[in-house]
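Subject: Structure handover

Hi,

Here is the structure for you to look through. My notes follow below it.

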Amino acid sequence: MMGTLESRGAVIVALLMIAMLVVAVRAWGAIGERTRQIERRYEDWRTLRERAVRLDSDRARLADMTRTGGAPPLADWLRAHRAEWAVELRDLDRERIEGDWALQRMQVTIARVRLADLAETIETLARLPAPWRVVEINLTALETVPGIARASLILEGLARAPATSL
Amino acid sequence: MVWARHSAIGVDFAGSRLIAFEACGNGRMRVLEGAPPADAIVAAALPAYAGFLRRLTAPLPSIDKARRVLPSMLDIELPFPLESCSYVFLNMRRIAGSGVEALAIAARREDVSAWIERCRAAGVDPITIEHEAVVLWRAWQAERPLAREQVRLIVYLGSDRTTLAYGDANGLIAATGLRQGVDALADARAPALQRLRVWWRAMREQRKEGSAHVAWCGPAADRADVRRVLIEALFPEGAPRDVDAPDSASLLARALAQSQVAGIGIDGNLRRGDLAHPLLARRAARAFSRSLAAAAAAALLLGGVGRIGLGALDRMRDEWQARLVEEARRVSGVDRLPRGQELLIAQRALDQQAAGWAAFSRYHSPGAESLLSHAVRSAAALGIHFQSAVVRPNSIVVHGAAGDWDAGDQLAAVMAAQGLRVELDRREAGADERVHFILRGEL
């Protein structure tokens, strides 16, 4: 009788043990999969977060630069600061950034300019709160006088871009 | 299994008389008068004539593997089926170059059972029954350890049985026994004596070297006439040195009791399986139950820890999922994102804006103004005239003319200081007596 009870107890304990082992094995097996899922989500989140932080930073910078209305109209600015220059302006293109702000690209041709004046002028333009950035400068010397040339510049600056123009 | 006891009783028989000896954990020993108490821990020895003893060597390097092979080797040696026997393997050890050696002990279960009945008839129920030769050898080794070159012949003389055990410093080698006691050995022509002589000669043939001595014990070890006849029969070349146990009559009982107290008698126990003493059987069952319970508890713990760990990981995964969804919503501006598509949708939204923002990123990087300023100022200082120049934020090409050979070099050095890789191509001075050059620089 005692032996029967003992062996029944042993069977129950053994079954419990097997069941728990199955639970344990499945749980431990699933742990690897869960860890990989967490790692994947964390990586996805980090990727998004990095891009979002960069975007936020760019937006903040754009807002700062356009607070006073973007880069000053180049024709007006040159007229005000370099009235003696014979300037020819041409609107090249506009590349939309976000909302109604775009990057306006302009070609400026100056028939005769002192190189020192040119350098000083484009440095001033680059220091404006919403600057005109110099993308390219082409200089061709005028044969007769050293230090004076014909200049062709491509500049880009922030400007409002009506949706229809894009 | 450790089986040490505070006190235990060893029993032996001198004919029908029971010899009982009690050993205590504190080292005290005493002879018991009459039958031991019913609940006493009793150890007995199976006479050598009822047992089988052989040194076996399994040609395997591993003890575990040898343990699996040894029963088959024993089966070949036994004169009766292994299934009908109770058997143990003692003193297993690796022998360099030859495998694993073990002392195989076996006895027919019916003989073990008959011996249990005999003990019970005398009023004792032994918990363990060891092979007599094993116990005697252990007792004599404790009494007088053997040197490496010595061999020992133990002669147990009883009133109803005789036992001979033989071994060397490595342990017991062989044993034999007779159902006859000293009276059957008193006559030099007795068949019993002839059997012992044949056995001993065979033993000596197997091992010729080593100085043998005889160790006497047993209730009839004081029979000088029998000892003389035996010595003459076994050692015709001359009597060897012989020694007597201090209390030779009770040596076996005393050794059995001491082994029990020390917990070393259990390994050689032939009372096992369905012959096992109820106390040992219960103990084994309890140990088995405890092992099962411990294993079940371990499994429960393992399962529990696994589930808890999994739960914690699930929560962590859900937290990161929530963060991902929140970030994706913010970036994409979409409120309801399909599960698993969050990153894709958010990245698509970001990609759509990427071109514009790439232009903006370029816009707030340095333009060509800095390079032009350096070039113009240096040229003025060095007396260089530009014939033409193309300046971009990361490159410059200048066609110029200088008043001397080195001016071009100096302009190149200024450009190199701005981080440009510069190439200078100069030509000999021409009709205008100026050095014409082309300077190319790139970031």
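First, a definition: Ala, Val, Leu, Ile, Met, Phe, Trp, Tyr, Cys and Pro count as nonpolar, Asp, Glu, Lys and Arg as charged, and the others, Gly among them, as polar. By these classes, the lining of the largest pocket has 12 nonpolar, three polar and four charged residues.

This is a predicted model, where local features need pLDDT of at least 70 and side-chain atom pairs pLDDT 80 or more, while totals for chains, interfaces and linings use all residues. Residues are numbered from 1 along each chain, chains are lettered from A in the order written, and side-chain values use heavy atoms, without hydrogens or water.

A pocket here is an open set of points on a 1 Å grid where a 1.4 Å probe fits, with protein on both sides within 12 Å along at least five of seven lines; lining residues have an atom within 4 Å of a point. Volume is the space filled by probe spheres set on the points, which are joined across faces, edges and corners.

The largest pocket has a volume of about 440 Å³. Its lining has 19 residues; V88(B), I266(B), D267(B), N269(B) and R272(B) lie nearest its centre. β6(B) gives the largest share, six residues. Strands like this are DSSP runs of E, at least two residues, numbered from the N terminus.

The second largest pocket has a volume of about 380 Å³. It is lined by 23 residues, with G51(B), F52(B), L53(B), R54(B) and A175(B) nearest its centre. That lining has 12 nonpolar, five polar and six charged residues.

Best wishes

How values were computed
Helix = DSSP H or I, 4+ residues; strand = E, 2+ residues; numbered from the N terminus.
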